[in-house]
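Here is a short report for a reader new to this structure. Look over the sequence and the model first, then read on.

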Amino acid sequence: MPASAQSRFDRDTHVTQSAPGVYDANVDRGWWVARGPNGGFIAALFVRAMEQAAADPARQLRSLTIHYVRPPAEGPARIETRVERVGRSLTTLSARLLQGDSLQALALAAFSKPREAASFHHAVMPEVAPPEATPPRTDPKVPIHERYEQRSAIGPRLFEGARGREAATGGWIRLAEGARPLDAALLVAFADAWPPAVFASSELPMAVGGVPTVD
């Protein structure tokens with residue numbers, strides 16, 4: 001796909017192999033929250049690198065755990081991957097995101113082939129208004145809010161909570177650029193893009209300075 005046809009998400013999460021198991025990336029300020037980039041964006045960079053390191057399109061991401069050691073700075077970074085084990089159906093990888101010699105985050109992932117015989121789906125969609133019937137979120141602006149379109153459908157309005165009000169939130173989310181097929185990198189980015197439910201209640205004062213992702 002030519003670069004002009006890709007979304008900004010695709011361009012900003014692109015990684016380039018520079019050595020066996022090593023991938024160059026860029027931490028773009030457009031995905032910033034308070035002190036650094038959103039954890040979901042960093043997770044997407046890991047997924048891009050680890051997918052290449054797994055080197056088997058038939059094995060898809062099934063599990064991803066990341067520990068964020070410190071907020072990465074804007075600019076170049078590298079992701080060092082290691083294939084820990086390749087089994088008959090499961091590949092396990094580890095990865096480290098570094099800037100210079102400074103460790104920023106650690107990741108562990110599992111990729112596997114599908115197991116059709118074990119497929120089932122018991123999740124129930126909550127009863128919420130459709131996207132077109134819900135207003136866009138208008139929270140205090142940070143750069144990452146320009147990357148997504150988010151519409152609240154569950155819980156009270158964020159950042160306007162009364163003391164003791166339930167900390168619950170949820171809604172619709174997509175890239176601000178519009179519809180794009182969902183893949184593993186975008187899914188993990190979505191997973192950390194919505195503000196935490198604690199912001200629906202005033203139990204956490206705004207002066208707390210944010211709630212950074214730890215893992």
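Helix α2 is largely enclosed by the rest of the structure, because 14 of its 16 residues are buried. This is a predicted model. The helix covers residues 39-54. From its first C-alpha to its last, α2 reaches 22 Å. That is close to the 22 Å expected at 1.5 Å a residue.

In general, residues three or four places apart in an α-helix point the same way, because there are 3.6 residues a turn.

## The two ends of α2

A side-chain oxygen of N38 comes to within 2.9 Å of the backbone nitrogen of G40.

What follows at the other end? Just after α2 comes A55, with a positive phi of about 55°. A55 is not a glycine, yet its phi is positive. Most residues other than glycine have a negative phi. A55 sits in the loop between α2 and β3. Is A55 buried or exposed? Its relative accessible area is 61%, over the 50% cut-off, so A55 is exposed.

## The chain as a whole

The protein chain holds three helices and eight strands. Along the sequence they follow the pattern α-β-β-α-β-β-β-β-β-β-α.

How far does the chain extend? Along its principal axes, the C-alpha trace spans about 50 × 45 × 35 Å. The radius of gyration is 18 Å. A compact globule of 215 residues would have a value near 17 Å, so the chain agrees with that expectation. Of the 215 residues, 40% count as buried.

## Residues in the strands

Strand β3 takes in residues 60-68, and L61 is one of them. L61 has 19% relative accessibility; the cut-off for buried is under 20%, so L61 counts as buried.

Strand β6 covers residues 102-112 and includes A107. A107 is buried, with a relative accessible area of 6%. L97 lies ten residues from A107 along the chain, and their C-alpha atoms are 8.3 Å apart.

Q150 belongs to strand β7. Q150 is buried too, at a relative accessible area of 8%. The side chain of Q150 makes a polar contact: it reaches the backbone oxygen of A193 at 3.5 Å.

## The second largest pocket

The second largest pocket has a volume of about 360 Å³. Its lining is made up of 19 residues. Which of them are closest to the centre? They are P131, G171, W172, I173 and R174.

Three elements each supply at least two residues of this lining: β7 (148-154), β8 (170-175) and α3 (184-191). Strand β8 gives the most, with six residues. By class, the lining has eleven nonpolar, four polar and four charged residues.

Definitions and conventions. Residues numbered from 1 in each chain as written. Predicted model: local features only at pLDDT ≥ 70, side-chain atom pairs only at ≥ 80, totals over all residues. Heavy atoms only, no water. Helix = DSSP H or I, 4+ residues; strand = E, 2+ residues; numbered from the N terminus. Expected span 1.5 Å × (residues − 1). Buried < 20%, exposed > 50% of the residue type's maximum accessible area, 1.4 Å probe, protein only. Polar contact = N/O pair within 3.5 Å; in protein donor to acceptor, adjacent residues only side chain to side chain. 1 Å grid on protein atoms, 1.4 Å probe; cavity = no way out; pocket = protein on both sides within 12 Å on 5 of 7 lines; lining within 4 Å. Points joined across faces, edges and corners; volume = space filled by probe spheres on them. Nonpolar A, V, L, I, M, F, W, Y, C, P; charged D, E, K, R; others polar. Rg over C-alpha atoms; globule rule 2.2 N^0.38 Å.
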